[in-house]
Amino acid sequence: MSEIDVECVVIGGGIAGLTAAYRLREHSVVVLEGSDRLGGRVQSQSRGDYWVNLGAMFVAPEGPLAELAHLPGVDLNHLTGKAILDIKGRKLRANSPFDLMVKAPMPVSARASLARFSLRLGRDSKRMHKKGTEGRAYTDLLDSRSAADVFGVSGDARSIVDALSRSWTSAELDEISGAHGTAYFYLSMGKGSHIDDLTFPTGGSESVIHATAAALGSNVAVQTEAIVRSLRSENGIVHVEYELEGRSVTVRAKQAVVATQAFAARELLSGMPPEYIDALAAVKYGSFLCGGIFTNESGPQVWDDYSFITTPGRRLEAIFNPVSVMRKGPDRRPGGSLSFYAGGNTARHLMDATDEELIATWVPEVAEVLGCSTDIFESHVFQRWPQAVPYWSPGSRSSARVLRKSPTDTIHLAGDYLGYPGMPTASLAGHNAGNSVLTRLSA
Ligand SMILES: Cc1cc2nc3c(=O)[nH]c(=O)nc-3n(C[C@H](O)[C@H](O)[C@H](O)COP(=O)(O)OP(=O)(O)OC[C@H]3O[C@@H](n4cnc5c(N)ncnc54)[C@H](O)[C@@H]3O)c2cc1C
């Protein structure tokens, strides 16, 4: 058995773990990642000039993530193409999530229901954020019911909000708590967010991961395929045991950051106080199924200036044309790439299909929306995320409050489940865990 001594061990090489390591890069750190690549749910693939994202698509340069998104090697762009809503083959332009709702053809009663839903989001979100016991009590009240119940939308309006829930939370509206749904929906659309404000790295979101890993410097060692099996704290020293190529290795560290998904953290922290275990167990995950296609067309296509197409009523939430940013000027290079995905129950129903089955049954829907032949689809890639994005079911969101505090003086948590899930939250949690470690190391 090999043994290593460091100041801090970071378990998990997603954006949360890498942000923690970046914060701690002046100290001796080892990052242990169980899979064969860094990035976790941030994943991209490239072929020549073109790329597809198979995990996170948009990288909002907020908080500590902003610094990483501006590191050398990351080329952050705004969406420049059109945002399109496809309703049964009819293509409408829609530049904000609100537009997507109001432009969908539907009866007046459904439109009124959506307007009430929007107003309610704004009002409830404000009440949840009131300081002190009032905000907390209102959050608990919304948390006790499902988002479907709180939002109270039905008929055509409900199918639009269902589609938004599957697209953003990866879960169904009746699975998520009203508090989770309100905060998540408000963040995504209530502030009047405009689609042109969305930013993404040219070449793929994973470029942020590569750039961060490259910026860690020589004090930080990164080990992939290192599956952590146990973690215990004894006399102020953390002992982490991991498996690497069939060997067992122990790391002794003054401090540890557990930057895995909540379910993996729960396994590793089984000896911790029960309120932490319960809070980690209360974090559920929705599902996404992602696809990518590299195309071989030789000339311009209708979708060249589309950034993405939202496709309600199909087994697809949206199709992205990540390379629309390259389609300026007369030099239209041959080929291209497209990403697409399904969420919630739609993803769960397709999750066990083989790649061949997906190519035969799911991919043709992409061609149908684009109005092209599948003959131009040269190669396909799929990524299944049975546990895609964290959510809280009714009655469980408030249990997460305990997770804001580190479980012990030597072990700190990081991950997107520590706030409203997404890369900015994961990165902020990693940065905060890094700060807690720095405070303890300097004590
Ligand atoms: C399809 C999809 C689309 C998304 N779109 C967006 C988007 O557009 N914008 C956005 O901001 N967010 C998006 N998200 C969410 C975003 O990807 C996540 O919130 C974020 O990447 C989570 O980072 P993390 O570091 O907390 O977790 P992860 O990325 O899951 O990293 C955790 C890491 O821990 C490792 N690990 C687990 N157990 C162990 C163990 N025992 N030993 C060693 N390693 C272990 C895992 O292998 C993993 O690499 C999307 C997510 C998905 C799935």
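A residue is called buried if 20 or more other C-beta atoms lie within 10 Å of its own, and exposed if 12 or fewer do. The views below are taken from a predicted model.

**View 1. Ser 170 is a buried residue with a positive phi.** Ser 170 has 28 other C-beta atoms within 10 Å and is therefore buried. Its place is in the loop that runs between α7 (155-169) and α8 (178-190). The phi of Ser 170 is near 65°, which is a positive value in a residue other than glycine.

View 2. Strand β10 and strand β11 (residues 237-244) pair in the antiparallel sense, over seven bridges. Within this pairing, Ser 230 stands opposite Glu 241 in β11. Two residues lie between the strands of the hairpin, and Asn 235 in the turn has a positive phi of about 50°. Glu 245 is found in the loop between β11 and β12 (247-258). A positive phi of about 50° is also found for Glu 245, although this residue is not a glycine. Is Glu 245 buried or exposed? Glu 245 counts as exposed, because it has 7 C-beta neighbours inside 10 Å.

**View 3. Strand β15 pairs with β6 and with β16.** Strand β15 (residues 306-310) is mostly covered, as five of its five residues are buried. Strand β6 (residues 82-87) and β15 run parallel and are joined by four bridges. Strand β16 (residues 318-320) and β15, in contrast, run antiparallel and are joined by three bridges. Ile 309 of β15 takes part in both pairings: it is the bridge partner of Ile 84, and its own partner in β16 is Ile 319. In a regular strand, the side chains alternate between the two faces of the sheet.

**View 4. Arg 90 lies in strand β7.** Strand β7 comprises residues 90-93, and Arg 90 belongs to this strand. Arg 90 has 8 other C-beta atoms within 10 Å and is therefore exposed. Which distance separates the C-alpha atoms of Arg 90 and Val 369? These atoms are separated by 9.3 Å, although the two residues are 279 residues apart along the chain.

**View 5. The buried residues of helix α11 line one face.** In helix α11 (residues 274-281), the buried residues are Tyr 276, Ala 279 and Leu 280. Seen down the axis of α11, these buried residues fall within an arc of 95°, so they line one face of the helix. The elements against which they pack are α10 (262-268) and β13 (283-285).

**View 6. Several elements cover the buried residues of helix α9.** Helix α9 spans residues 206-214, and its buried residues are Glu 206, Ser 207, Val 208, Ile 209 and Thr 212.

**View 7. A shell of 36 residues lies around the ligand.** Among these 36 residues, Gly 12, Gly 14, Ala 16, Gly 34 and Gly 40 come nearest to the ligand. Two or more residues of the shell are given by each of α1, β10 (227-234), β14 (288-295) and α15 (423-442). Which element provides the largest share of the shell? The largest share comes from α1, with three residues. By class, the shell has 21 nonpolar, 12 polar and three charged residues. At least three of its residues are drawn from each of domain 1 and domain 2.

**View 8. Domain 2 touches domain 3.** The protein chain is divided into domain 1 (2-40 + 206-284 + 399-442), domain 2 (44-82 + 196-203 + 285-385) and domain 3 (97-193). The C-alpha centres of domain 2 and domain 3 lie 26 Å apart. Domain 2 gives 12 residues to the contact, and domain 3 gives 13 residues. On the side of domain 2 that touches domain 3, helix α12 (residues 344-350) gives the most, with three residues. This side of domain 2 holds three nonpolar, seven polar and two charged residues.

Conventions
Residues numbered from 1 in each chain as written. Predicted model: local features only at pLDDT ≥ 70, side-chain atom pairs only at ≥ 80, totals over all residues. Arc of directions from axis to C-beta. Contact = placed C-beta atoms within 7 Å. Near = placed C-beta within 6 Å. Nonpolar A, V, L, I, M, F, W, Y, C, P; charged D, E, K, R; others polar. Domains from an automatic or database assignment. Pairing = 2+ DSSP bridges.
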